[in-house]
Amino acid sequence: QVQLVESGGGLVQPGETLRLTCVASGLSFSNYVMSWYRQAPGKERELVAAIARRGTTVNYADSVKGRFTISRDDAEKTVFLQMNLLKPEDTAVYYCNALWALPGRRDEYWGQGTHVTVSS
């Protein structure tokens with residue numbers, strides 16, 4: 001059974017920092033592209049950051065470039081999202097995503113989400 005368990009969310013003030021953690025189990029973690037998505041109230045889910053296998057490539061939404069950093073530890077089956085200089089518009093539920101896409105095969109899993117609220 002595959003599980004992605006996020007943690008690290010909370011309530012912070014603008015300019016502060018949070019570090020989200022997603023621990024995976026039940027899958028060959030190193031084969032998966034790992035991503036963080038977020039969904040704000042009344043908005044569609046959007047990609048925040050993604051990291052390829054072995055961390056060879058990372059991508060960020062324009063809105064978080066220079067503030068957020070995604071990283072992974074394949075030995076611990078964990079992906080992180082370091083969030084600095086948080087803004088009220090970063091308020092959302094953050095979801096961990098694991099994706100392994102090959103011709104004719106697509107394995108994708110989601111975590112349950114962790115809430116991030118940025119407010120003064």
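**View 1. Val79 and its neighbours.** Skipping residues up to four places away in sequence, Val79 touches Leu20, Thr21, Cys22, Phe29, Met34, Trp36, Ile51, Ile70, Ser71, Arg72 and Cys96; a contact here means heavy atoms within 4.5 Å. Everything in these views comes from a predicted model, where local features need pLDDT of at least 70, side-chain atom pairs count only at pLDDT 80 or more, and totals for chains, interfaces and linings use all residues. Residues are numbered from 1 along each chain as its sequence is written, and side-chain values use heavy atoms, with hydrogens and water left out.

**View 2. The largest nonpolar core.** Val79 turns up again here: of the 29 residues in this core, Met34, Trp36, Val79, Leu81, Met83 and Tyr94 touch the most other members. Two or more residues each come from β3, β4 (33–39), β5 (46–51), β7 (68–73), β8 (78–83), β9 (92–102) and β11 (114–118). Strand β9 gives the largest share, five residues. For the terms, a nonpolar core is a set of buried Ala, Val, Leu, Ile, Met, Phe, Trp, Tyr and Cys residues joined through side-chain atoms within 4.5 Å. Buried means under 20% relative accessible area, exposed over 50%, and partly exposed in between (1.4 Å probe, protein chains only).

**View 3. Thr21 in strand β3.** Thr21 sits in β3, which covers residues 18–25. With 17% relative accessibility, Thr21 counts as buried. Leaving out neighbours within four places in sequence, Thr21 is in contact with Val5, Glu6, Ser7, Trp36, Thr78, Val79 and Phe80.

**View 4. Leu4 in strand β1.** Leu4 belongs to β1 (residues 3–7) and, at 5% relative accessibility, is buried. Its C-alpha atom is 4.5 Å from that of Ala24, a residue 20 places apart from it along the chain. Not counting residues up to four places away in sequence, Leu4 touches Cys22, Val23, Ala24, Met34, Cys96, Asn97, Ala98, Tyr109, Trp110, Gly111 and Gln112.

**View 5. Leu102 in strand β9.** Leu102 is part of β9, and its 39% relative accessibility makes it partly exposed.

**View 6. Two loop residues with positive phi.** Lys77 lies in the loop between β7 and β8, with phi near 55°, a positive value in a residue other than glycine. Lys77 is partly exposed, at a relative accessible area of 31%. Leu85 is in the loop between β8 and β9; although not a glycine, Leu85 has a positive phi of about 50°. At 52% relative accessibility, Leu85 counts as exposed.

**View 7. Zooming out to the chain.** The protein chain has zero helices and eleven strands, where helices (H or I, at least four residues) and strands (E, at least two) are DSSP runs numbered from the N terminus. Its radius of gyration is 14 Å, close to the 14 Å the globule rule gives for 120 residues, so the chain is as compact as a globular protein of that length. That radius is taken over C-alpha atoms, and the rule is 2.2 Å times the number of residues to the power 0.38. The C-alpha atoms fill a box of roughly 45 × 25 × 25 Å along the principal axes. Of the 120 residues, 39% count as buried. Among contacts between residues at least 6 apart in sequence, 54% join residues at least 24 apart.
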